[in-house]
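Me: I have a structure open and would like to talk it through with you. Could you help me see what is in it?

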Amino acid sequence: QVQLVESGGGLVQAGGSLRLSCAASGRTFSIYTMGWFRQAPGKEREFVAAAARSGGRTYYADSAKGRFTISRDNAKNTVILQMNSLKPEDTAVYYCAAGPLGSSSVGDYNYWGQGTQVTVSS
């Protein structure tokens with residue numbers, strides 16, 4: 001079992017930045033791929049970024065490349081999503097997730113946080 005708690009969401013103007021944090025507890029954090037997803041009202045949950053359990057490999061959705069950075073600290077059981085140059089279309093609830101595979105698919109993640117709201121105004 002893994003418990004995930006996101007924080008850091010809020011209101012920001014277009015072009016601004018937010019730093020989302022995910023704190024993990026339960027089973028060993030380091031064995032899981034960690035991902036960030038987002039979901040806007042009326043839309044499917046969408047992959048944003050992921051960090052593999054080893055090797056420092058990261059993955060990004062095309063919409064996130066060059067603007068967002070995912071990082072993890074296995075010793076501290078945390079994963080971060082640094083979001084820069086935010087756009088109104090980034091507005092969504094952002095979810096932290098953990099799974100056994102390196103994947104961009106919602107179905108490949110076993111554990112989910114409660115989500116944190118990000119709202120970007122124009």
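This is a predicted model: local features need pLDDT of at least 70, side-chain atom pairs count only at pLDDT 80 or more; totals for chains, interfaces and linings use all residues.

Me: How many residues line the largest pocket, and which lie nearest its centre?

Reply: There are 13 residues in the lining of the largest pocket, and those nearest the centre are R38, K43, E46, E89 and D90.

Me: ok, and how much space lies in there?

Reply: The largest pocket holds about 180 Å³ of space.

Me: Switching topic, where does L86 lie?

Reply: You will find L86 in the loop that runs between β8, residues 78-83, and β9, residues 92-99.

Me: Is L86 buried or exposed?

Reply: L86 counts as buried, because its relative accessibility is 2%, and the cut-off for buried is under 20%.

Me: So what is L86 in contact with, leaving aside its neighbours within four places in sequence?

Reply: With those neighbours left aside, L86 is in contact with V12, A14, G15, G16, S17 and L18, and also with R67, F68 and V120.

Me: And what separates L86 from P100?

Reply: Along the chain L86 and P100 are 14 residues apart, while their C-alpha atoms are separated by 30 Å.

Me: Now the sheet of four strands, what order does it have?

Reply: This is an open sheet with the order β1-β3-β8-β7, and the pairing is antiparallel. The strands at its edges are β1, residues 2-7, and β7, residues 68-73, each of which pairs on one side only. From one strand to the next, the twist averages 15°.

Me: What do strands of a sheet pair through?

Reply: Strands of a sheet pair through backbone hydrogen bonds, and they can do so either parallel or antiparallel.

Me: How many bridges join β3 to β8?

Reply: Six bridges join β3, which covers residues 18-26, to β8, and these two strands run antiparallel. To find one of the partners on screen, look at L20, whose bridge partner in β8 is L81.

Me: And how about β1 and β3, how many bridges there?

Reply: Six bridges join β1 to β3, which also run antiparallel, and here V2 stands opposite G26 in β3.

Key:
Residues are numbered from 1 along each chain as its sequence is written. Side-chain values use heavy atoms; hydrogens and water are left out. On a 1 Å grid over the protein atoms alone, a cavity is a set of points where a 1.4 Å probe fits but cannot get out, and a pocket is an open set with protein on both sides within 12 Å along at least five of seven lines; lining residues have an atom within 4 Å of a point. Grid points are joined across faces, edges and corners, and a volume is the space filled by probe spheres set on the points. Buried means under 20% relative accessible area, exposed over 50%, partly exposed in between (1.4 Å probe, protein chains only). Contact means heavy atoms within 4.5 Å. Two strands pair if DSSP finds at least two bridges between them. Axes are lines fitted to C-alpha atoms, for helices over the stretch in contact, and angles run from 0 to 180 degrees between N-to-C directions.
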